[in-house]
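Have a go at each task before you read its solution.

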Amino acid sequence: MSRFIFPEWTETLKRWINLLVLGAPVYLVALVAYGVTPEAIRIGYQPDQPVPYSHALHAGELGLDCRYCHSTVERAGKAAVPPAATCMNCHSTVKKDSDLLLPVRQAFAEDEPVHWTRVHDLPDYVYFNHSAHVNAAVGCESCHGRIDQMVKVYQAKPLTMEWCLGCHRDPTPFLRNPENVTKMGYQPQPGEGDEVRKKNGVNPPTNCSTCHR
Amino acid sequence: MSQDEELHAMDADRLEPGAGPDGPDGDDHPEHDDEHDDEHDDAPPLADLAPTPIHGYWKSLRELEGKAAFQVGRTGHEFPAGSDQPPRDPLSRRNFFHLMGASMALAGVGACRRYEKEEIVPLARRPEDQTPGVTQQYATACELGGVGHALLATSFEGRPIKLDGNPEHPFASGGVVPGTERRAGCSAFVQAAILHLYDPDRSQNPTADHGTGSSMDAFRAALPQLRAGLAQTVILSEASSSPTLRALRTRLIGQGVRWFEYEPLSWDNERAGTRQAFGRPLRPIARLDRAQTIVTLDCDLFLEHPAAMRYSRDFARSRRQNGSLGIGKMNRLWAIESVFTNTGAMADHRLALRAELGLPLAIALDARLSGGTAPAAEFLQEPKVEKFLRFLVEELKANRGKAVVIAGRRQPPEVHALVARINQALGAPGATLDYVEDPDGDRPSHLRAITELTRAMTAGHVGALIMLGGNPVYDAPADLDFAAALGKVKTSIHLHEYRNETSLASSWHVPRTHFLEAWGDVRTWDGTVTLAQPLIAPLYGGLSAIELLSLLLGEEKGGEELVRQTHKELGLEAGWKQNVHDGFVAGTELAAAAVTPVAFQAPPLTAGQQAGSLRTNGELEVVFVQSSFTYDGRFANNAWLWETPDFLTKVTWDNYALVGASTALGLGLDNDTLIKVKIGDREVELPCYTIPGQAKGSIGLVLGGGRTAAGRVGGNEHRRVGWDTYKVRTTAGWDVASKATVTSTGKAYTLANIQEHWDIRTGIGGRPEIHRDATHVNAEGLAERLPELIRETTQRTLNDDRKWRAEEPEDFFNDPENAGNTDRPHEGGYSLFKEKDYQGHRWAMAIDLSTCTGCNACSVACQAENNIPVVGRNEVMNNREMSWIRIDRYFSGSIEDPQVVHQPIACQHCEQAPCEQVCPVGATTHSDEGLNDMAYNRCIGTRYCANNCPYKVRRFNFLDWNKEWRDARNKVRRLLFNPEVTVRMRGVMEKCTFCVQRIQNAKIRAKAQIRSGQRPGSVSAVLPDGEIETACQQACPTEAIVFGDLADKDSRVARLHEDRRSYALLPETYTKPRNRFLARVRNPNPEFAAALQGGHE
């Protein structure tokens, strides 16, 4: 019996198989590594909310200022989600029978809060303060994206430490005239950031204790 | 004598008690190590220690013998044994690797999800003044032992998280004083009281029929029957100063109710004493800020006194160099006491004397000051006492109108009367002492009240007993047998926050609201009416005392209505809102009393009082001491207090018998053994703590341990914390008991004592391979090192030697050759590391050792502010306590008459921090403002930093101390966490941050206000001095802790850093700490000091 001789093309196959065997772990590691980055996991996070509140409608189409509802943003760490009472300022007359607004009306009537789902969720050891940033004239858009175009809010930026530090190291591109802080889609004039930075004395610290306590 | 010889000499003394020159004649001494023969009348007196050599600083007696943990063992242990052992929990090493394997495999998967879904739950209607995420402060008040304390409560989104003193309150803050901040200290007890609000062990519903569950409705249904029998009803109340309670009491007494009041720790003797001296009970309030000479007679001004916080403050004011007495002057404190107290620790001259000798001493003092015959008492002839008295009297005579004498709670009424007469002779009233009318002058004493009540109960004269708070089954005098008497009362109702011993013995128990849950009013020690408003709705339901009384009167009024009604009756209705806001009603302090002394006779002395200071066993005196952990037992379920070390003994989680060094030697008692204390036919077994400086022949029994129904922390039937010393406290020996016998049981019992933990002095004095005798080496090293850690001077030196400085500026590094090379280590600068250049704020702290009374308020404040966990008794013994501030207590001088220095040590925030250089992951780094930052989320727990910290201030989370808070049962406890501070997990290092959360929030607030135009100034400018207060600074009653910005040259901290008393710890290490201490200034009487010096030569 003559010996079986592998055809020549198996040499090529062998090379491919080797490549696959060696390359697969690399690929898998790369895939998983990318898969667990905040960019992959967190950007685009868009949970359902008890009321399908549309920022696109209120902030975009109707042009409500962010601070009408998030009224504490300039003086507190939290840009508080408004109480149902704020919704009822308008909705006691506008769309007052809408089924979609039932949870809000119920909350207002029974004095029981609406349970919203947090979209922008920083780790518990991070202490972010809205008033510090808004008063330093960083636009809402810089961290939250085009809220005025979101029917259902999602996370637009990675909100990672690296990303935070990017701005803390060089805040100039993200500064704008204070009156435009809440304006969406605003393009600062050339030199505006530098000017605001100088005028406001914006010098963001990059110490650990700036955010971690 | 060298240090070494001294140690040997002392050892010899310890081996042969009584062999010294002052000892008793040597024919019949007891062997100090024998089991001891008790109760024979002709027992020889206990040995007296030979005059011990004067030592430098030391922390414990063990250390003087060269047996402290860090002295034995070849390397000198930096950390006690056990601290580096693997955690004691179900995770064995094997399981750990199993789990590790699994978790490595699943690590990637775990990351593939977001954090736990979180909800945002805004209030449906936001209250007008509330901003989510911003804390609010409200004035309120609490009461402890019948004395009101004005508080400022911090509330975060509707949950109170922190208590501090109300700085606006006229008595708490002492008004506006130039040069000091307007601040009110807050005692450790009051700070820790907030923990009880969220305690899951609190009683949650009424019980009927001795423990059967019941409901508030059932209790209300039972009320009409109770109302019908009001004439047979008796009310036993805790002491209370509440005007509302008083008004309700008057009405109830009108309906035939009999009223009794009982407190186990009471200042009734002072009332009785002033009654003897002036014909009516008065309340003396000392003005320590005006006093040049302060004399305490068995009195702890800074912890036990009802006005302790105010007294601390006033004392510090006249203690400072440029304080209330004027520039270059400071007060002088003379303390005569049996148990070593913090007042004794602060004293310039201290005389340790049995408490029962207070009477002959007061008579002698009175005789010398106002003329009369000194009593015939042997101890007065003893050279030490005689000399002390002679110089004291001379000084008092020279300081008429500027001196004050204060007697303590334990001293009998006669002593208080004599002290009143002495103060008259000194011209104190109106100058250094005010008398005010007692608000409740007709009340019988607490001891008499409880005696009469128990008698009536036993005789069956009590139809129904209503107890408002208190725990008489546990703390009433043992000979009364209150529990048995309670069994004879048909209906007994106990109102209390906890279902305690008394609740279990009562037919009804009704939960009481916490003071932060109810309206109320109290009076501070000066009588100022102080209002308490609730900060939270009752978590577990319940009633306040005034609400229960209102129910009893058949009205069902709420707390607010009741308090407001009282307010109206005081004619203050118009100011109600403002007064609730301020927390007090201005101008309601008690009226000053004009006093006219009446003649009285001092009682004859007992045999014991005529004797010398040496006692035989069986003749010993026992004094009952307030617990620094539980007060009188009521804080037994408070883990914060249990784990805060006692001021002097540094013991945690226990109570004990305090035995003086010579007494212990004579009785053959040893530290860490169980002893038996027998008074009459009652006895108690408890551990012995040998303390230097305790009076000879006097045993201090600490109250407040051994509870059987306190809760999960404080103990139950099966597991007790501490020992029940009330068992031997009888009506006859309520404050001071005599004829006690003490025997050693020989059983070992280790107290969880931290005094040798975290010792800065470890590893000093050379290496053992060079000097073979490790003990010898360390002793020498100590002698050399300690005066640098603790620096002291005298008032005289400061005044006479203008050039005196605690620390020669940079003498260690003043090498001209290296000048200017600080940033080039290779060229031989001071530091291996680059010097930092600070542009903006430079946060710093200064701690004044002269005014630190070691009261622990800072320590508990830090615990509350920074979410510091407790670890429990076993882990404390493993050196795993987490407290960020430790107060090092050093003795100096001889064993019989030591002096004490307290030194609070937290992170020193070194500019060249050794910890930062060794962190492999950059978890601890330096901020631009000079803070030594700690990023918990980066820490991987190598503990290199703790190892490299020369000050030993870093604390490691060996176990998951916060694990239990995740239990559903403890859900409510989580509400207490300060949301501004991360709750740390296992495996993470932590330490003092200078309250960085307060710094950041103040900066953010200031900048936001400046940028939005609400506040003038520039964002790069310094903040006003005092805008940022650390938690410890805020709590400190004496303003010993000052925090601020060195960039502001006019800030208090910058000025204190420039003060000539200021010095840094371990300057030779070139760590450049941002925390500096101010040297302790003592103010001994110059002639007396000279005489004492002479005596030692």
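The exercises below look at a predicted model.

**Exercise 1. Describe chain B as a whole: how many helices and strands does chain B have, and what percentage of its residues is buried?**

Solution. Start with the secondary structure: chain B comes to 35 helices and 42 strands. Next, turn to burial: of the 1097 residues in chain B, 54% are buried. Finally, look at contacts between residues at least 6 apart in the sequence of chain B: 74% of these join residues at least 24 apart.

**Exercise 2. Work out how helix α9 of chain B and helix α15 of chain B pack: at what angle, and how far apart are their axes?**

Solution. Step one is to find the helices: α9(B) spans residues 268-278 and α15(B) spans residues 413-425. Step two is the geometry: the angle is about 55°, and the axes are 7 Å apart. Step three is to name the arrangement: because of that angle, α9(B) is oblique to α15(B). The crossing of α9(B) past α15(B) is right-handed.

Step four is to list who takes part. On the α9(B) side, the residues include N269(B), A272(B) and F278(B); on the α15(B) side, they include P413(B), V415(B) and R421(B). Sorted by class, this contact has 7 nonpolar, 5 polar and 3 charged residues.

**Exercise 3. Find the domains of chain A: which residues belong to each?**

Solution. First, read the assignment: domain 1 covers 10-41, while domain 2 is made of 55-81 + 116-211. Then check the spacing: taken over C-alpha atoms, the centres of domain 1 and domain 2 of chain A are separated by 39 Å.

Conventions
Residues numbered from 1 in each chain as written. Chains lettered and ligands numbered in written order. Predicted model: local features only at pLDDT ≥ 70, side-chain atom pairs only at ≥ 80, totals over all residues. Helix = DSSP H or I, 4+ residues; strand = E, 2+ residues; numbered from the N terminus. Buried ≥ 20, exposed ≤ 12 C-beta atoms within 10 Å, placed from the backbone. Contact = placed C-beta atoms within 7 Å. Axes fitted to C-alpha atoms, helices over the stretch in contact; angles between N-to-C directions. Parallel < 35°, antiparallel > 145°, perpendicular 65-115°, else oblique. Left-handed = near helix turned anticlockwise from the far one by under 90°. Nonpolar A, V, L, I, M, F, W, Y, C, P; charged D, E, K, R; others polar. Domains from an automatic or database assignment.
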